[in-house]
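Thanks for coming. I will go through one model today, starting with a loop and ending with a cavity.

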Amino acid sequence: MDKIRLAVIGLGVMGRNMIVQKAPGFPEAIELAAVCDPNAAAIGNILGSAGGVRTYADYRIMLDEGGIDLLYIAVPPAMHHEVATAAFEKNIHVFCEKPLANSLEEAREMAELAAGSELVNAVHFSFPLDPPVLKLKQLLEDGAAGTVERIELFLQFPQWPRAWQQNGWVATREQGGFLLEVGIHWIHMIQQIFGRIARLSSEVSYPADSALSENRAEATLTLESGIPIALSGSTGLPGEERVSMVVHGSKGVIALENWQHLYSGVSVDSLQEVDTDDGIASPLPMLKQVIAALRGEDALVYDFADGYNAQVVLEALRQSAGSTVELGPLYIARR
């Protein structure tokens, strides 16, 4: 097939990464056709003197003018629903940043719209396909921890937003916070590895400023299998950032520390680092899978149904207020 004509909306960290790092890695498959951001200077800084790329301040004009096969959505969460809906109406495939939407209602509408379409729809969830997570899954299947009995999840940030993460929305209660921005990755990964989260209770605390996102979160999430997950999240406390999961089993412990470092042992005190570069092939980057899906080839893509299933847990976490919330069955909309 001809090259896939890619458009990118939003030039934050992820949009810039797609233009500068990810898309150039597939020159035989991807042509950067258009870029949209209200900040003209940001567009100029990224594209430089590159010719042939159309630039826009208004995504609606970009979509109206056509010539786009795939839209990468890297704007803040509050815009995901409207931009994705507009793209579907123009028969354009969508690759969307996480979380899928800014509310459960929006996420459901997007999943249903995608299910009624023949278009490729993907959420940029790559964590379950990272080599350390693939190795963790292998260790679990090989019985390294025995029967899983409980899981701990730590989301601890001395500073939020982090130094590299400064923008106008990531610290807001409306569409930011560590649960939404970071927790969603772990929610999705856990449901891919361990199965559906069936119920939860949480206590989430906020600063006095009503515009700011959470600064504490304590929760118990329970898998459909009955395994409990204890979540402890915080911002502003001294110490090092820790974004980690510890799996306690009948025979041992497996810990995934700060995304990339995997440890295993018979107890927490005896953990030894595990080599995650030992022949396990990762299908990443996710863009490679999206390209395969667009070509009609076998692809491992997390679609809008996956995005909705993660959002169910995310929104319950943020709204539980100490009561136990029973979560509905997974939404499955794949053809």
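Proline 285 sits in the loop between strand E14 (272-273) and helix H8, where helices (H or I, at least four residues) and strands (E, at least two) are DSSP runs numbered from the N terminus. The peptide bond joining leucine 284 to proline 285 is cis, with omega about 5°. This is a predicted model: local features need pLDDT of at least 70, side-chain atom pairs count only at pLDDT 80 or more, and totals for chains, interfaces and linings use all residues. Residues are numbered from 1 along each chain as its sequence is written, and side-chain values use heavy atoms, with hydrogens and water left out.

Proline 99 is in the loop between E5 and helix H5 (104-115). For context, most peptide bonds are trans, and most residues other than glycine have a negative phi.

Back to H8, residues 286-294. Seven of its nine residues are buried, meaning under 20% relative accessible area, with exposed over 50% and partly exposed in between (1.4 Å probe, protein chains only). Met286, Leu287 and Gln289 are among them. The buried residues of H8 pack against E1, H1, E2, E4, E5 and E6, contact being heavy atoms within 4.5 Å. After H8 comes glycine 296, with a positive phi near 80°.

Now the sheet. What is the order of the six strands in the open sheet? It is E3-E2-E1-E4-E5-E6, with parallel pairing; two strands pair if DSSP finds at least two bridges between them. Strand E3 (54-56) and strand E6 (121-123) are at the edges with a single partner strand each, so one side of each has no neighbour in the sheet. From one strand to the next, the twist averages 20°. Strands E4 and E5 are joined by four bridges, and tyrosine 72 has phenylalanine 95 in E5 as its bridge partner.

Two residues other than glycine have been flagged for phi. Asparagine 258 has a positive phi of about 50° and, at 33% relative accessibility, counts as partly exposed. Tryptophan 259 has phi near 75°. Its place is in the loop between E12 and E13.

Last, the cavity. Helix H9 (residues 304-319) gives the largest share of the lining of the largest cavity, three residues. Residues lining the largest cavity include Arg196, Asn309 and Pro329; a cavity is a set of points on a 1 Å grid over the protein atoms alone where a 1.4 Å probe fits but cannot get out, and lining residues have an atom within 4 Å of a point.

Conventions
1 Å grid on protein atoms, 1.4 Å probe; cavity = no way out; pocket = protein on both sides within 12 Å on 5 of 7 lines; lining within 4 Å. Axes fitted to C-alpha atoms, helices over the stretch in contact; angles between N-to-C directions.
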